[in-house]
Amino acid sequence: MTRLLSLLIWASFTLISSDLKGQILSGTVTDADAGDALPGAHVTCTCGGAVVHGATDFEGSFRLELPGALPCMLEASFIGMDAVVLSISNLDPIEIALRSSVEAIGTVVVSAGRFEQAAERVTVSLDVLPPRVVESRGTTSLETALEQNPGVSFVDGEPQIRSGSGFSYGAGSRVMVLVDDLPILSGDAGRPTWGFLPLENLEQIEIIKGASSVLYGSAALSGVINIRTRYPDARPITRLTLQHGGYSTPLTASARTWDGTSQQTNLRFLHSQQVGDWDVVLGANVIGSQGYLAPIDSNSARGYAPWKADRFDSEARARMNVNVRKRTTRIPGLQYGLRTNWQKSNALATLIWAYAPDSLYHADGGSATRTLQTAGTVDPFLTYLAPSGVRHDVRARWQHLVNDNDNNQSNASDVLFSEYQIHVRGDRWQLPGLNLTAGLVGQQTWSTSELYSGGDTNGENQALNASAYVQADVAAAERWNFSTGLRYEHFDVNGQVSGKPVFRAGVNYQAGRATYFRASFGQGFRFPTIAELYIRTGLGTLQVYPNAQLRPETSWSAEWGVKQGIQIGGLQGFLDLALFEQRYEDFIEFTFGQWGAPTDPLVGLGFTSKNTGSSKVNGAEASFTGRLNWGQTTIDFIAGYTYTRPMSLDPNYEYGEGTTYESTSYDQIHYQNLRGDTVGMQLKYRSPHLVRLDVQATRGNWSAGVSVRYQTALRNFDRAFVQFEEYGFVDWGLQRWLNDHEELPWIWDARVGYSAGEHHSISLVVSNLTNREYAIRPLAIEAPRLISAMYTYTLE
């Protein structure tokens, strides 16, 4: 690690110190349509057969040392735009304006390779969720927008990408969640706080499907969700959004034991402006929601006081964020800045319903937790784009989290994260098309917790993660794109040390004008979180035990896909087809057994995290993203279907005394794997079939949209939930509910909006339009219909 750091530092100073000599050609590259500068545009100058390459800085300017005598040929290019070629006969400054390409129907993304590239040319499955999906649907927490993306689903707020993970009661994640390339997972439990993520200033959300550990580390075992925020352009913008709504009466009339309508209010604010050489963004969000579950008691059922959070599933939160960036400095190409985001919240969450059907919206005794949360991040950063086109990034984050819980489950953590990254184009070595990215990452976590005090710890825990990575992306022979990378991860949690290298490779081939074939392979490595190792708590009847002997899990994933551009009349977009498979070893699952002492509640029966042997997930996915221009109407589409076969390959592997995956599973249906020589069982808390659709039509000042979601019911979950009822420990009405609700319903959302001039817009948003009553996870009822009115004031 020390040698690699020294090498990178030496290379950085060598590249930064390079200077221009001889005849200098200078100029600017701008967007011809918007008039904005194009930082990072590729500039090539050819003089008498000699070639020199360069890139524009953050103001769109470039300076090139001519490789020979005039006259010369100058070419400027940028992703998604037509290149411009000029003949140069003098050294006067040049102004070049690039226009969008007619064939550029794709999207520019960063997440796949840590540099900008066209989405259709990447070597992995990568989806882009535009801001309109979040804004038009009246989203108050990001997961309700992400669940519209093909292949993405949630179980109690825990993200799944193509069935790569199940349900772990809030401990550990196989999906890395980032905000502007910085991880936002908590340092102790490894899960995101969805309401903390900024929704008011989105540029786009990028979702990588499949193992992405080489660039993003341990938690990216199944994929990555990267939320990218927007910096201001030349036009200042101020936006204020007020939203208010109420929940409909539950479908089961006997389950409603309160009067009145549960309501929620949401207020969002954004101001984004360039002030001299500074970019300044201010954002805020205040929400008060009574939730859709029952009041705690008769007193809390009176009136609307959302700041009290006095109903099950209610919450009140306030968040504020500030982003500042010095856009131009005395050192050309140097930028620096600071982002900070802070939130206070009061929430009352419940894990298990009291009884179905009459008390579906009440909490089982002891399963409700009130949390007073303080969450915050402070992110300093520095970027230097050298005249040679070499880019240096230094990012850091202090993440602070305090969960003050009311049932001896409080926890607090502080995380210090830092990363140095260098990005080099191969032009400087006469290797056009090469993009080389390398970096060093360090993360230190300090955790103090009543909740994570099991095993041999007293609640004071520390975790260290250090890693180094390198990835090369090569565009060759115009139609080929190759990608390969390597990362080494080192973990130390309370003295438990482990490390492992991971590798990835991929290829993309443009077979036609808009036809792109791809194949990729990637390895993954995930070390258990502090929560998985040391959690000890009780949730009503349920007990949760630590497992300090938990081993890291490893995986590999492979994918074969094709992306086909479509342009028929006014319809243009991309159809994407993919086949995929992911294999896991030492697979970590939260599972039931006798892990405690006979003197514990339920004679030591409870849940813990266990290595359950080998498993695999394979399947297929088809998606379409596009736009139809039909007269004066524009229609945007996002649609997809995902089929997965999530299987345990060792259902009889004994990871406890008499405890196997089969013995703890509700589903007794066995499946043959593709080879036919091993019997497997469907993994718990997965839905094999997912359907997603979002359509929005815009005509003049009017817009209307509909969203559709469907997934098959969970065929497998922990058998203990049913056995508790069989043995008479509890009566949740679960078996009766499962018998009466064998399938999940199709969920429809609808919206309609009107823009009254330049500044005002109003909309009506309805979630769960048909008011269906359903539970994705057993014992957790989902929300009934929510009708909201939304007003937005925008000043540009």
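A pocket is an open set of grid points with protein on both sides within 12 Å along at least five of seven lines, and its lining residues have an atom within 4 Å of a point. The exercises below apply this and other terms to a predicted model.

**Exercise 1. The second largest pocket**

Determine which residues lie nearest the centre of the second largest pocket, and which element gives the most to its lining.

*Solution.* 
Step 1. The space in this pocket comes to about 900 Å³.
Step 2. Its lining consists of 37 residues, and those nearest the centre are Glu135, Ser136, Ser755, Ser761 and Thr792.
Step 3. Among the elements that each supply at least two lining residues are the helix α2 (131-136) and the strands β17 (237-247), β18 (263-275) and β46 (786-795).
Step 4. The greatest contribution is that of β44, with five residues.
Step 5. Sorted by class, the lining holds 17 polar, 12 nonpolar and eight charged residues.

**Exercise 2. A ring cluster and two charges**

Name the residues that ring pairs link into a cluster with Phe590, and find the rings over which Lys563 and Lys684 lie.

*Solution.* 
Step 1. The cluster joins Phe590 to Phe592, Phe607, Phe721, Phe724, Tyr727, Phe729 and Trp732.
Step 2. Lys563 has its charged end over the ring of Phe574, at 5.6 Å from the ring centre.
Step 3. Lys684 is placed over the face of Tyr661, and here the distance to the ring centre is 4.7 Å.

**Exercise 3. The surroundings of Ser289**

Decide whether Ser289 is buried or exposed, and list polar partners of its side chain.

*Solution.* 
Step 1. Ser289 is part of strand β19 (residues 278-289).
Step 2. The relative accessible area of Ser289 is 5%; buried means under 20%, so Ser289 is buried.
Step 3. One partner is the side chain of Gln264, with which the side chain of Ser289 makes a polar contact of 3.4 Å.
Step 4. Another is the backbone nitrogen of Gly291, 3.1 Å from a polar atom of the Ser289 side chain.

**Exercise 4. The second largest cavity**

Give the volume of the second largest cavity, and describe its lining by class.

*Solution.* 
Step 1. The model contains 11 cavities of 30 Å³ or more.
Step 2. The second largest cavity has a volume of about 560 Å³.
Step 3. It is lined by 38 residues, with Met176, Ser218, Gln443, Asn465 and Phe491 nearest its centre.
Step 4. Elements that each supply at least two of the lining residues include α4 (213-216), β26 (411-425) and β27 (434-449).
Step 5. By class, this lining has 19 nonpolar, 12 polar and seven charged residues.

**Exercise 5. Backbone features in loops**

Find where Ser163 and Ala477 lie, and state whether each is buried or exposed. Then identify the form of the peptide bond from Ala356 to Pro357.

*Solution.* 
Step 1. Ser163 is not a glycine, yet its phi is positive, at about 60 degrees. It lies in the loop between β12 (158-161) and β13, and its relative accessibility of 5% makes it buried.
Step 2. Ala477 also has a positive phi, near 50 degrees, in a residue other than glycine. The loop between β28 and β29 holds Ala477, which is exposed at a relative accessible area of 65%.
Step 3. The bond from Ala356 to Pro357 is cis, with omega near 5 degrees. Pro357 is located in the loop between β22 (353-355) and β23 (359-363).

**Exercise 6. Leu744 and Arg772**

State the distance that separates the C-alpha atoms of Leu744 and Arg772.

*Solution.* 
Step 1. Leu744 is in the loop between α7 (734-740) and β44.
Step 2. With a relative accessible area of 10%, Leu744 is buried.
Step 3. Leu744 and Arg772 are 28 residues apart along the chain, and 9.4 Å separates their C-alpha atoms.

Notes. Residues are numbered from 1 along each chain as its sequence is written. This is a predicted model: local features need pLDDT of at least 70, side-chain atom pairs count only at pLDDT 80 or more; totals for chains, interfaces and linings use all residues. Side-chain values use heavy atoms; hydrogens and water are left out. Rings of Phe, Tyr and Trp (its six-membered ring) pair if their centres lie within 6.5 Å; planes under 30 degrees apart count as stacked, over 60 as edge-to-face and the rest as tilted. A charge sits over a ring if NZ of Lys or CZ of Arg is within 6 Å of the ring centre and within 35 degrees of the ring normal. Helices (H or I, at least four residues) and strands (E, at least two) are DSSP runs, numbered from the N terminus. Buried means under 20% relative accessible area, exposed over 50%, partly exposed in between (1.4 Å probe, protein chains only). A polar contact is a pair of N or O atoms within 3.5 Å; within protein, one must be able to donate a hydrogen and the other to accept it, and residues adjacent in sequence count only if both atoms are side-chain atoms. On a 1 Å grid over the protein atoms alone, a cavity is a set of points where a 1.4 Å probe fits but cannot get out, and a pocket is an open set with protein on both sides within 12 Å along at least five of seven lines; lining residues have an atom within 4 Å of a point. Grid points are joined across faces, edges and corners, and a volume is the space filled by probe spheres set on the points. Ala, Val, Leu, Ile, Met, Phe, Trp, Tyr, Cys and Pro count as nonpolar, Asp, Glu, Lys and Arg as charged, and the others, Gly among them, as polar.
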